[in-house]
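Subject: The structure I promised you

Hi,

Here is the structure we talked about, handed over for you to look at. Have it open while you read, and my notes follow below.

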Amino acid sequence: MTYEKLTSRHLLAIFLVFSLALAVPAAAQETGIQQVQPGDTIEVGPEPITLDLLGLRNADSFSQITELRKYQDDNPAKSIQRVIGVAKDGYFTINVYTFKGHYGRYFPYSKSDGLLHENSIMFVHASTPTATETVATVTETPTEEPTATETPEPTRAPLPGLIAITALGICGLLAAARKR
């Protein structure tokens, strides 16, 4: 083997490792399936979350959950306020648009078992993170001028910079391959 082939192979291997290093954090950001048990409280935000509702099934029959029902005053003896259909209880995806503001206690329902009173779960709206603000109290005096507080710039993720570096690396590899 010549030194040039060994170098290009090394560059290719380094490029592949670098590409994987960029792809792995993006893949790790995806949330997995959240196992739900009776009595759980689930925070629902704008990002979709996937729930596994198998823990809410009737332990004796293990029949599929087909609906989640919300009752007036959390009392199944009163009228139904909202019904959310569940196509697949092992992989149920929700977000704020699923509830349209109707959060609270939901009871699982199975076509074969009926309403499962003891297996209710609670859905709440996830609080949105707010920017921390510092409020300065300014007392005016005729000799001093009030000082303004500066707001720090929001930080950005380093990913766009890494993408640019990767693009330059690819261009370098292509240029090296053309020179041969």
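Let me start on the outside: aspartate 73 has a relative accessible area of 57%, and since anything over 50% counts as exposed, this residue is exposed. Before I go on, please keep in mind that this is a predicted model.

Aspartate 73 has a partner. Lysine 78 makes a salt bridge with it, and the closest N and O atoms are 2.7 Å apart. Lysine 78 has a relative accessibility of 36%, so it counts as partly exposed.

How many salt bridges does a search of the whole structure find? It comes up with three. Another one joins the side chains of arginine 69 and glutamate 67, at 2.8 Å from N to O. Here arginine 69 is at 15% relative accessibility, which means that it counts as buried. Arginine 69 also has its charged end over the ring of tyrosine 109, 3.7 Å from the ring centre.

Then there is arginine 57, which forms a salt bridge with aspartate 89, with 2.6 Å between the closest N and O atoms. Arginine 57 is in the loop between β3 and β4, while aspartate 89 is in the loop between β5 (80–85) and β6, so this pair ties together parts 32 residues apart in sequence. Both arginine 57 and aspartate 89 are buried. Arginine 57 does something with a ring too: its charged end sits over phenylalanine 62, 4.6 Å from the centre of that ring.

Now for the overall layout. The chain has three helices and nine strands. Reading from the N terminus, the order of elements is α-β-β-β-β-β-β-α-β-β-β-α. Of the 180 residues in the chain, 24% are buried. If you take the contacts between residues at least 6 apart in sequence, 58% of them join residues at least 24 apart.

What about the inside? The largest nonpolar core has 20 residues, and Leu51, Leu53 and Phe123 have the most contacts within it. The elements giving two or more residues to that core are β2 (41–44), β3 (49–52), β6 (92–94), α2 (96–99) and β9 (121–125).

On one count, β3 pairs with strand β1 (residues 33–35) in the parallel sense, over three bridges, and glutamine 34 stands opposite leucine 51. β3 also pairs with β6, this time in the antiparallel sense and again over three bridges. There, the bridge partner of leucine 51 is phenylalanine 92.

Leaving out residues up to four places away in sequence, phenylalanine 123 touches Ile42, Val44, Leu51, Leu68, Ile94, Phe99, Tyr103, Gly104 and Tyr106.

That brings me to the aromatic rings. The structure holds five aromatic pairs. In one of them, tyrosine 71 and phenylalanine 107 have ring centres 5.8 Å apart and planes at 70 degrees, so the pair is edge-to-face. This pair links distant parts of the chain, with tyrosine 71 in strand β4 (residues 67–71) and phenylalanine 107 in strand β7 (residues 104–110), 36 residues apart. Both tyrosine 71 and phenylalanine 107 are buried.

Another pair is phenylalanine 99 with phenylalanine 123: the centres are 4.6 Å apart and the planes are at 40 degrees, so this one is tilted. It also links distant parts of the chain, from helix α2 (phenylalanine 99) to strand β9 (phenylalanine 123), 24 residues apart. Phenylalanine 99 is buried, with a relative accessible area of 0%. Ring pairs join Phe99, Tyr103, Tyr106 and Phe123 into a cluster.

One last stop is threonine 41, in strand β2. Threonine 41 and glycine 104 are 63 residues apart in sequence, and their C-alpha atoms are 9.2 Å apart in space.

Happy browsing!

Definitions and conventions. Residues numbered from 1 in each chain as written. Predicted model: local features only at pLDDT ≥ 70, side-chain atom pairs only at ≥ 80, totals over all residues. Heavy atoms only, no water. Core = buried A, V, L, I, M, F, W, Y, C linked by side-chain atoms within 4.5 Å. Buried < 20%, exposed > 50% of the residue type's maximum accessible area, 1.4 Å probe, protein only. Helix = DSSP H or I, 4+ residues; strand = E, 2+ residues; numbered from the N terminus. Contact = heavy atoms within 4.5 Å. Phe/Tyr/Trp six-rings, centres within 6.5 Å; stacked < 30°, edge-to-face > 60°. Lys NZ or Arg CZ within 6 Å of the ring centre and 35° of its normal. Pairing = 2+ DSSP bridges. Salt bridge = Lys/Arg side-chain N within 4 Å of Asp/Glu carboxyl O.
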